[in-house]
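Student: I have a structure open and would like to go through it with you. Could we begin with one of its sheets?

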Amino acid sequence: MRDQDWLSQLIDRRGTHSTKWEKYKDRDILPFWVADMDYETPAFILDAVKERLCHPILGYSEDPESLTEALRTWLLKSYDWSIKSEWVVWLPGVVSGLNVACRMIDSDKRVMVPTPSYHPFLELAKNSHKQEIRVPLKLVEDRWEMDFSLMREHIDQTGVLAISNPQNPTGRAYTEGELRNLSSILLEKDLLILSDEIHCPLIIDETKNHIPLAKLDASLLSRTITFYGATKAYNMPGLGCAAAVIPDDSVRERFQKASSGLLPSIGPLNYAATEAALRDTSSWIDTLNRRLRQNYEDLKQVTGDRITNVEATYLAWIYVGDLKQRDPKEYFEQYGLGLSWGEQFGDPDYVRFNFAAPRETLNEGLQRLKQALQDI
Ligand SMILES: Cc1ncc(COP(=O)(O)O)c(C=O)c1O
């Protein structure tokens, strides 16, 4: 198969219990909602899984040392961040790790979340029986920025701040300046910082680089739990495996204590897949990012200024506040489009569009979107 054929290939996912496709299985609705790509998982990952299957027993498994080594090498190579092996705690998923971390703080402290936000962030406070503080991002020209003065106002009550960078759903990749501003607020107080960086390999704006927040400052390092996972960028969210990088010994001990009895073990196939991804030296991610950039350009042609700048991820945040319909999801479904409604992320005036689809599916989706937006 030629280098990029996998980006055009239409793969019928019906009958695989795909969350994305099952939702509309009997209707002519194309799914552009959940963050799951319609591109095949890379062959080198499937091969690693097949190789593990050559052994006939799929028992409970220990964290492979080689996996931690692969993560260390990847962080050093990709972001010039040198971490120690003992900092790494392997998890079945990022979301479980975020939830565990929120259990670590005192019950009178609150969970601060910038919004709009990936919806499990908006359940962190409830799940850990804490109060939530939402700090809406500000739209400055065509990009979403953290509202530092609002954050500072609420920082005294905050026990944990949870951010995603790159940001889901707005597609922001925060600049070093923004992260330094954030850290100056955070360092005034003794709070825990959760930095979910799962989308970091997916860069749309080539002038942007991902910067691990914890790497910026030694005091920040000791208060931050950084989450990584290869499942998003390599399209294998069904093989959950994630890393929490926790440099501070006592934070790590508290995290491990808080997770006791809550998390299932990680499957041997999941370990094998993640290690293959972290060891990837091919051009797979570059090729993917190139295609995602083209897809984003095409999407922009259709949405005009309804869309805000996507710098990273394959998710676009589209304004539909002028829609006089109560549920935009239903409105777009009438046009054959399955989108995520922004209400779920904390802003009902937007929908989220996942543009990681083969050309043919995307083109059909964009035609439908054009009509739907014209008719608003
Ligand atoms: C920002 C962010 N974090 C975490 C996840 C999910 O991670 P996991 O499946 O490892 O829990 C997603 C999935 O879309 C995401 O967008």
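Tutor: This is a predicted model.

Student: How many bridges join E11 to E14?

Tutor: Five bridges join E11 to strand E14, which covers residues 350-354, and the two run antiparallel. In one of these pairings, Ile318 has Val351 in E14 as its bridge partner.

Student: Now the domains. How is the chain divided?

Tutor: Domain 1 comprises 5-42 + 282-374, and domain 2 comprises 65-278. The contact between them takes 28 residues from domain 1 and 31 residues from domain 2.

Student: Which elements supply the side of domain 1 that touches domain 2?

Tutor: Helix H12 (284-303), E11 and E14 each supply at least two residues of that side. The largest share, five residues, comes from H12. By residue class, this side of domain 1 divides into 15 nonpolar, eight polar and five charged.

Student: And what separation do the centres of the two domains have?

Tutor: The centres of domain 1 and domain 2, taken over C-alpha atoms, are separated by 25 Å.

Student: Changing topic: which residues come nearest to the ligand?

Tutor: There are 16 residues around the ligand, and Ala35, Gly93, Val94, Val95 and Asn168 come nearest. The shell divides into seven nonpolar, seven polar and two charged residues.

Student: What about the backbone? Where is the peptide bond cis?

Tutor: The peptide bond from Thr115 to Pro116 is cis, with omega near 0°. Pro116 lies in the loop between strand E3 (110-115) and helix H6 (124-127). Another cis peptide bond joins Asn165 and Pro166, with omega about -5°. Pro166 lies in the loop between strand E7 (158-164) and helix H8 (176-186).

Student: What is phi of Glu141, and what is phi of Asn235?

Tutor: Phi is near 55° for Glu141 and near 50° for Asn235. Most residues other than glycine have a negative phi. Glu141 lies in the loop between strands E5 (138-140) and E6 (143-145), whereas Asn235 is in the loop between strands E9 (224-228) and E10 (242-245).

Student: Is Glu141 buried or exposed? And Asn235, buried or exposed?

Tutor: Glu141 is exposed, because it has 7 other C-beta atoms within 10 Å. Asn235 has 21 other C-beta atoms within 10 Å, so Asn235 is buried; the cut-off for buried is 20 or more.

Key:
Residues are numbered from 1 along each chain as its sequence is written. This is a predicted model: local features need pLDDT of at least 70, side-chain atom pairs count only at pLDDT 80 or more; totals for chains, interfaces and linings use all residues. A residue is near a molecule or strand if its C-beta atom, placed from the backbone, lies within 6 Å of it. Ala, Val, Leu, Ile, Met, Phe, Trp, Tyr, Cys and Pro count as nonpolar, Asp, Glu, Lys and Arg as charged, and the others, Gly among them, as polar. Two strands pair if DSSP finds at least two bridges between them. Helices (H or I, at least four residues) and strands (E, at least two) are DSSP runs, numbered from the N terminus. Domain bounds come from an automatic or database domain assignment. Two residues are in contact if their C-beta atoms, placed from the backbone, lie within 7 Å. A residue is buried if 20 or more other C-beta atoms lie within 10 Å of its own, exposed if 12 or fewer, and partly exposed in between; C-beta atoms are placed from the backbone.
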